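Q: Could you take a close look at one part of this model, describing what surrounds it and how the residues around it are placed? Please give the cut-offs behind each term as you go.

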Amino acid sequence: GTASHYSSWGMVVIVPKLPHGGDSPSENSKEIANWVNWLHSKPSSLPSNISLENGVGLSGHSFGGLTSVLAGSTRGVGAVVALDPADAFGVGKENASNLNVPSAFIMGEPSIVNQMSNGTHIYKAAGGNKEHIRIQGAQHTDFENASTDGAKNAANESAMRYAVGFMLYNLAGLKEYQGYASGNTKVKEE
């Protein structure tokens, strides 16, 4: 899925089993914060060639995107990519000002599934350097990836291109991906 796509670009990816599933982004964000703290404690099981100099990247889709935003204020986080985040009861908007790391909000068209694109409210309330990228014509489920690698459609391919480029620019400092870190963009499906 999305994790294997990030991994295919050389990123080390951890996909924790979250104790609250998709039901409690607030509680899950605490678990993600624990993982970030564990990584920065430099455990012996972490390969020595892994650099956390620019922080850890967090990414998720829907409530996972909301969870990433909520955990994004954890010390040691370097960037956040929220894929069409759905805001449960306004908790994202309420806490978004705590987000002060580079963040990309990659969104689809408003629909009932993404709570009428209320992730836009999170974006507007977010602190820090933030980017808003709307994939025109994309549906909420276009941001999900199957367990096999590869884009499921043009909207997914565009979203993953921006997500990976944003992370590579902000976490690895690869200047050739700066264009993917420039938001407030509308991208049409190709």
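A: The buried residues of helix 3 are Gly65, Leu66, Thr67, Ser68, Val69, Leu70 and Ala71, where buried means under 20% relative accessible area, exposed over 50% and partly exposed in between, with a 1.4 Å probe and protein chains only. Helices (H or I, at least four residues) and strands (E, at least two) are DSSP runs, numbered from the N terminus. This is a predicted model, in which local features need pLDDT of at least 70 and side-chain atom pairs count only at pLDDT 80 or more, while totals for chains, interfaces and linings use all residues. Residues are numbered from 1 along each chain as its sequence is written, and side-chain values use heavy atoms, with hydrogens and water left out.

As for confidence, pLDDT is the predictor's confidence in each residue, from 0 to 100; the protein averages 86, and 92% of the residues score at least 70.

Because seven of its nine residues are buried, helix 3 is largely enclosed by the rest of the structure. Those buried residues pack against helix 2, strand 1, strand 2, helix 4 (91–95), strand 3 (103–107) and helix 5 (119–125), a contact being heavy atoms within 4.5 Å.

The packing against helix 2 can be followed in more detail. Two packed helices are described by the angle between their axes and the distance between the axes. The axes of helix 2 (residues 25–40) and helix 3 come within 8 Å and cross at roughly 55 degrees; axes are lines fitted to C-alpha atoms, for helices over the stretch in contact, and angles run from 0 to 180 degrees between N-to-C directions. The two helices are therefore oblique to each other, since angles under 35 degrees count as roughly parallel, over 145 as roughly antiparallel, 65 to 115 as roughly perpendicular and the rest as oblique. From helix 2 the contact is made by Pro25, Ser26, Asn28, Ser29, Ile32 and Ala33, and from helix 3 by Phe63, Leu66, Thr67, Leu70 and Ala71. These residues divide into seven nonpolar, four polar and no charged, with Ala, Val, Leu, Ile, Met, Phe, Trp, Tyr, Cys and Pro counted as nonpolar, Asp, Glu, Lys and Arg as charged, and the others, Gly among them, as polar.

Ser62 lies in the loop between strand 1 (56–61) and helix 3 (63–71). Most residues other than glycine have a negative phi. Ser62, although it is not a glycine, has a positive phi of about 60 degrees, and Lys42, in the loop between helix 2 and strand 1, has a positive phi of about 55 degrees although it is not a glycine either. Their accessibilities are 16% for Ser62, which is buried, and 67% for Lys42, which is exposed.

Leaving aside neighbours within four places in sequence, Ser62 is in contact with Leu83, Asp84, Pro85, Ala86 and His140. Of these, Ala86 sits in the loop between strand 2 and helix 4 and, at 2% relative accessibility, counts as buried. Ala86 and Thr120 are 34 residues apart in sequence and 9.2 Å apart in space, C-alpha to C-alpha.
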